[in-house]
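This briefing covers aromatic residues, cores and a sheet. Look at the structure below before reading on.

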Amino acid sequence: MAQSQATQLAIILSTFFLPILTYLYFTKAQTKRTSNAGPLPPPTEITALYIHPIKSCHGIKVQSAKLLPTGLDLDRQWMWVTASNYQFLTIRQNARMTLIRPSYNARDDTLTVTAPAPNSIDEKLTFTIPAHPSASWLAEHTTPHTAKIWSSQTDTAVYSPALTAPFNAFFGQEVRLVYKPPFRETYAPRGLASNGAPEVLGRTASTCFPDLMPLLVGNEASINELNARVKAAENGNLAPLDVTRFRPNILVRGQADAPWDEDRWKTLRIKTAGAEGKTVADLDGGRGDQV
C-alpha cells in the first residue's frame, strides 16, 4: 500500500532531525557534567619536594627530583619486610620506623641508612648501599624474591641478611630489606590498582612501593585549614600537624580561600615561574623529567 505524503514527510523529518536532537541532548549533558567540576584553579607554587627512599621511614627534603613513570627517583623504592613471610612493614605497625633515616650522597650515588641502636643513647645502626644499583651489582649482592604489599605479591631484590641483621633488634623481629628497581625487565612491574587501574586511568601504569599511586601531592592551604579545626576542637592544646606526617612528594601553597581544592584536580602541569613559564613536566610524563 502506498504511503501518504504526510507519512512520507514525517519519516523524512524524523530521519533528519533525530540525529541532531540526539547530538544536542548528549552535548548538553556533557556540558552539564563538565560545569559541575567548577572553573580551573589559579596557578599555585611548589613550596617543597620530598622523597622517602624506604617506605614508612624518614623522608628527605630535596631541591629537585627526577620524575620517572613510577614516581620520583629514589622514592619508596626500598621496603622493610618480615623475614618469615616477606610481608611488608609500615609505620602503622611500628611508629619507630620514622627514626630510620636514609640520606643520599650525590657524589658517591649512595644511600646511607641509620637508626638509633636499642638500649643505647649514642650508638647508631648503619649501612650504605648504592642508590642506583646496576644489574650486575644486584645479581651479586641480592636475591630475587616476591614480597607481599597489601593484598598483592610483587617481585623484589632482597639484600643480604648480614647487611641488615643489626636492624633485627630495632624491629624486635628478623627483617629483610627489599628493593624494587624502577627499570628492570627481570623484575615484573607492580601495576597500579583502584583509581590507577587501566580501566580507570586509561593506560597501564606501575610504581614501586607506594600504597596506591606514584606521587602524593600535599596542599598547604588544606593542612592549615585542618590545623585550624584541630586547634578549635582541642582548645589549642594540641601541637599543629606537620605536613610531613602525611608524607607528600610535592607540596604546593594552594589558595587560602579554597582548601581541599585538590580533591577535584585530575591532572597537574608543572612550569617554571613567570608569565611565559616553560613546561617542566606533566606528572604522567616521560622518563627522566626534572621537577
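At 9% relative accessibility, Phe-171 counts as buried (under 20% relative accessible area; exposed is over 50%, partly exposed in between; 1.4 Å probe, protein chains only). The model is predicted: local features need pLDDT of at least 70, side-chain atom pairs count only at pLDDT 80 or more, and totals for chains, interfaces and linings use all residues. Residues are numbered from 1 along each chain as its sequence is written, and side-chain values use heavy atoms, with hydrogens and water left out.

**Aromatic residues**
- Trp-80 is buried, with a relative accessible area of 0%.
- The ring centres of Trp-80 and Phe-171 are 5.1 Å apart and the planes stand at 50°, so the pair is tilted (rings of Phe, Tyr and Trp, its six-membered ring, pair with centres within 6.5 Å; planes under 30 degrees apart are stacked, over 60 edge-to-face, the rest tilted).
- Trp-80 lies in strand E5 and Phe-171 in helix H4 (residues 167-171), so this pair ties together parts 91 residues apart in sequence (helices are DSSP runs of H or I, at least four residues, and strands of E, at least two, numbered from the N terminus).
- One aromatic cluster is formed by Trp-80, Phe-127, Phe-167, Phe-170 and Phe-171.

**Cores**
- The largest nonpolar core has 37 residues; Trp-78, Trp-80, Ile-100, Phe-167, Phe-171 and Leu-177 touch the most other members (a core is a set of buried Ala, Val, Leu, Ile, Met, Phe, Trp, Tyr and Cys residues joined through side-chain atoms within 4.5 Å).

**Sheet**
- Val-158 has Val-178 in E11 as its bridge partner.
- Strands E10 (residues 152-159) and E11 (residues 175-179) run antiparallel, joined by 2 bridges (strands pair if DSSP finds at least two bridges between them).
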